[in-house]
Amino acid sequence: MPPKKQSSLKRQHTEIMEDETQAQGSSAKRSKSNVSQQIENPQPTNKVLPVNISFPQRLPDTIRIAAWNVCGFSASQKKGFKYYVEAEDADILVLSETKARFATCFSRASLILCTAGIAILSKYKPLTVTKTLPNHPDPQLVKGRIITLEFEKCYLIGTYVVNAGRDLKTLDQKKEWNRHFEDYIRDLDRKKPVIWTGDLNVAPSEKDLSNAKKNWNKQPGYTEAETTSFKNILNPPEGIDAGRFIDIWRHFHPSDKHYTYFSYRFNCRLKGLGWRLDMFVLSERLTERVKMVRLPSLSA
C-alpha cells in the first residue's frame, strides 16, 4: 500500500440505537430490533460520485454514523462530496485526511469540528471535545489526527492514524502512537462505551487486503507490529484489566472481502485490488445495539 492515497468512493456507515449517542438532556425511544445484515454489493469502480445517490431507508430509532477518508477536502468537492452528504444525511460524519483547516457548516449539520487531518460533522452537541492523545511525547505528531467527542452515554473517537510510511520508515512513530492509543481507548472504555472510527491505517487480517502474503511485513498497515496492536485492543492480553472491543464490520461479515482504499497504481480500483483501512471499532457491550453496518456501493 503506497503512502499516497486517493479519495475512495467507499465509505463505511453504521446505525446504532439512538439513545447511545444522544447528548445530555436529549431523549430517544429504545428499540429491540436485531441487526440487519447487508446484501452484498460489488466493489465500486467509478472515481467520481454520481449525482443521484440512494441509501437504504434509515432504520427506526437509530443514529447513523459514517466515516470517509476524503484524501483532501477540496478535492472531494470536485468529486461529488455534496451529493453524498445530502443523500446519506448521516447524523455524525467523520472525515479523515481533510488536508484543510476550515470552519463551515453544511445543511442539517449543527456542528463541525475540524483539524487538518480530521473533521466531524454532528447533529448532536457533545459534552466535551478533546483533540489530544494523552501522554504522547510528541504533540506535533498527534495534532490533527484525533478528535474525541464525549456524549452522555458514550465516547466517539475519530482518527487519522499515523502511517508507517514508505519502506516502513515511520513504523517506530506508528508503534509510539499505538502504545498510547491502546491505553487511551481502554481508559475511556472504563468510563462509558466507545465508538472508534475513521482511517485506522491497519488491515487487521489477510481478509482485509489483496495479496496479503506478498505484503506481510513489507507494506505500511500490514506488519506484525500494527496488526498485533489492533488485536490487543480487540482482545486485551492476559494481565491487562480492560474490556474487549469489536471490529463491527468483520463481526457481522466474517468472510467478506470489501475494501475502503485503492491505490492509484496499476489500475487497482478496476481490478478490485484494495485494502480495508477505514472501519468502526466498538466497545463489546455496544454490539447488540448495532442494527446495520454497510460498505455501500456507489457506482454510477
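Is Cys268 buried or exposed? Cys268 is buried, with a relative accessible area of 8%, where buried denotes under 20% relative accessible area, exposed over 50% and partly exposed the range in between (1.4 Å probe, protein chains only). Cys154 is likewise buried, at a relative accessible area of 1%. A search of the whole structure returns 0 disulfides, a disulfide being a pair of cysteine sulfur atoms within 2.5 Å.

The model is predicted, so that local features need pLDDT of at least 70 and side-chain atom pairs count only at pLDDT 80 or more, whereas totals for chains, interfaces and linings use all residues. Residues are numbered from 1 along each chain as its sequence is written, and side-chain values use heavy atoms, with hydrogens and water left out.

The protein contains 8 helices and 12 strands, taken as DSSP runs numbered from the N terminus (helices H or I, at least four residues; strands E, at least two). Of its 300 residues, 59% are buried. Among contacts (heavy atoms within 4.5 Å) between residues at least 6 apart in sequence, 75% join residues at least 24 apart.

An open sheet is formed by 6 strands in the order β6-β7-β8-β9-β11-β10, with mixed pairing; two strands pair if DSSP finds at least two bridges between them. Strands β6 and β10 (245-247) stand at the edges with a single partner strand each, so one side of each lacks a neighbour in the sheet. On average, neighbouring strands of this sheet are turned by 15° against each other, direction ignored. Helix α4 packs on the sheet and touches β6, β7, β8, β9 (194-199), β10 and β11 (278-283), its direction making about 165° with that of β8. Helix α6 also packs on the sheet, touching β9, β10 and β11, and its direction makes about 125° with that of β10. For these angles, axes are lines fitted to C-alpha atoms, for helices over the stretch in contact, and values run from 0 to 180 degrees between N-to-C directions.

Within the sheet, strand β7 (residues 146-150) is mostly covered, 5 of its 5 residues being buried. In a regular strand the side chains alternate between the two faces of the sheet. In β7, Ile146, Thr148 and Glu150 point one way and Ile147 and Leu149 the other. Strand β6 (residues 128-130) runs antiparallel to β7 and is joined to it by 3 bridges, with Thr130 opposite Thr148. Strand β8 (residues 155-160) is also antiparallel to β7, through 5 bridges, and Tyr155 in β8 is the bridge partner of Glu150. A hairpin of 4 residues links β7 to β8.

Helices α4 (residues 171-191) and α6 (residues 224-234) pack at an angle of about 0°, with their axes 10 Å apart. The two helices are therefore roughly parallel (angles under 35 degrees; over 145 counts as roughly antiparallel, 65 to 115 as roughly perpendicular and the rest as oblique). Residues of α4 including Leu171, Phe181 and Ile185 meet residues of α6 including Ala225, Ser229 and Ile233. By class, this contact has 5 nonpolar, 3 polar and 5 charged residues; Ala, Val, Leu, Ile, Met, Phe, Trp, Tyr, Cys and Pro count as nonpolar, Asp, Glu, Lys and Arg as charged, and the others, Gly among them, as polar.
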